[in-house]
Amino acid sequence: MQQRIGVGLIGTGYMGKCHALAWNSVRPVFGDGPKPRLVHLAEVDAELAARRADEFGFERSTGDWRQLIADPEVEVVSITTPNAFHAEMAVAALEAGKHVWCEKPMAVALADAERMEAEARASGKVAMLGYNYIQGPMVRLIGDLLAAGRIGRVNHVRLEMDEDFMADPGTPFGLKSLAESGYGAIDDFGVHPLSLLQVLLGPVRRVMAHLSKPYAERPVQGGGRRAVETHDVASILFEMDNEVSGVMALSRTAWGRKGRIALQIFGSAGTIVFDQERFNEVQIYEAGEGTTAGFRTVLAGPQHPPYDRFIPAPGHGLGFNDLKIIECHELLRAIGGEPARVIDFTTGLAIERTVHAMAQSHRESRWVEV
Ligand code: NAD
């Protein structure tokens, strides 16, 4: 009989829907591993939970996430709630003997991330974070090119992550401007470029950061204005364990930028250029090509796994939700004891420590060791 795995999903907003699509698609796309059984879904109230369970194909639903954790038929839990809930939910799920797939970042406070990591280690269960951008076929190709020495010895890396969802000064004060949600750009999405650095070039050793608030206040719905507590922009110098130097620039107020994670990796024999806004392609410059030297653009195709599992035709392109399907497949591989491309809670904690080092560096105007 086909092996099954019981799935629980907490939260059904932006990421919750992505996880639900991934759980529904992972088997048709990859055709291997255990078949997900969508057992239990939790939302803030029973009515919303029931509606979403019907839409997403879950067998039962609850307005109390602790009931989902207590369900013996749930073996793995997707946590897609706001950051402030991650620690409590992940620790409870691990204590109950479930595997966990938790959205990034791990937690707002470093102590909570440390608690999550300790619990994951003690439980022996798989605890994975939602760092979807490491899963792109072209990001895997970049890793292969680096490993093959195609651009020689890497000496410098530049990363930019820009979006414009906070660019309008008229955007009302909300959760993203509240200190309870975190520092701002560095933990809300700076963790994504850090995940790319981690898988492509390894850990960051020390950072020097400057955070800024393009808008000191925002209008409050219903009248008045309120001082913004988070930093929408960050500029960071960093040095990696392997001596590679780097620059990272982050902005949530960059008009026109929608999902830019621009990566330039400079080596002794070439350069690799990638941007998540055009993640079905990568550019490579290899030194020594004489008069025809120039960047070549390579389009994603079935020769770049796991593109081939989605479509046989090159250049047709994967989408954001496909990254989540790949991530779900890697999670199932990890649960099955196979080698998997995942950022687990231990590597995730190193990313969180880097973020907190950035915040400390800004406060103290100095380099901080991670
Ligand atoms: P969202 O507001 O769209 O969705 C959050 C959902 O959680 C909502 O449906 C809400 O009702 C539900 N929820 C809140 N408290 C709950 C509770 N106690 N019990 C059950 N459900 C509850 O938020 P989002 O944009 O999906 O962000 C969720 C998480 O995903 C955040 O940690 C965020 O950082 C992360 N995220 C990751 C990516 C990525 O690329 N991996 C992108 C966006 C957001």
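Mentor: A polar contact is a pair of N or O atoms within 3.5 Å; within protein, one must be able to donate a hydrogen and the other to accept it, and residues adjacent in sequence count only if both atoms are side-chain atoms. Here a backbone N or O atom of methionine 15 lies 2.8 Å from an oxygen atom of the ligand, while for a backbone N or O atom of glycine 13 the distance to a ligand oxygen is 3.3 Å. The model is predicted, so local features need pLDDT of at least 70 and side-chain atom pairs count only at pLDDT 80 or more, whereas totals for chains, interfaces and linings use all residues. Residues are numbered from 1 along each chain as its sequence is written, and side-chain values use heavy atoms, with hydrogens and water left out.

Trainee: Which residues come nearest to the ligand?

Mentor: A residue is near a molecule if one of its heavy atoms lies within 4 Å of it. Of the 25 residues around the ligand, those that come nearest are Met15, Glu43, Asn83, Lys104 and Asn132.

Trainee: Which element gives the largest share of the shell around the ligand?

Mentor: Helices are DSSP runs of H or I with at least four residues and strands are runs of E with at least two, both numbered from the N terminus. Helix 4 gives the largest share of the shell, four residues, and the elements that contribute two or more residues are helix 1 (14-30), helix 4 (83-95) and helix 9 (320-335).

Trainee: Which peptide bonds are cis, and where is a positive phi found in a residue other than glycine?

Mentor: Most residues other than glycine have a negative phi, and most peptide bonds are trans. In this model a cis peptide bond joins lysine 104 and proline 105, with omega about -20°, and proline 105 is placed in the loop between strand 5 (99-102) and helix 5 (110-123). The bond from proline 305 to proline 306 is also cis, with omega near 0°, and proline 306 lies in the loop between strand 16 (296-299) and helix 9. Glutamate 243 has a positive phi, near 80°, and is found in the loop between strand 11 (233-240) and strand 12 (245-251).
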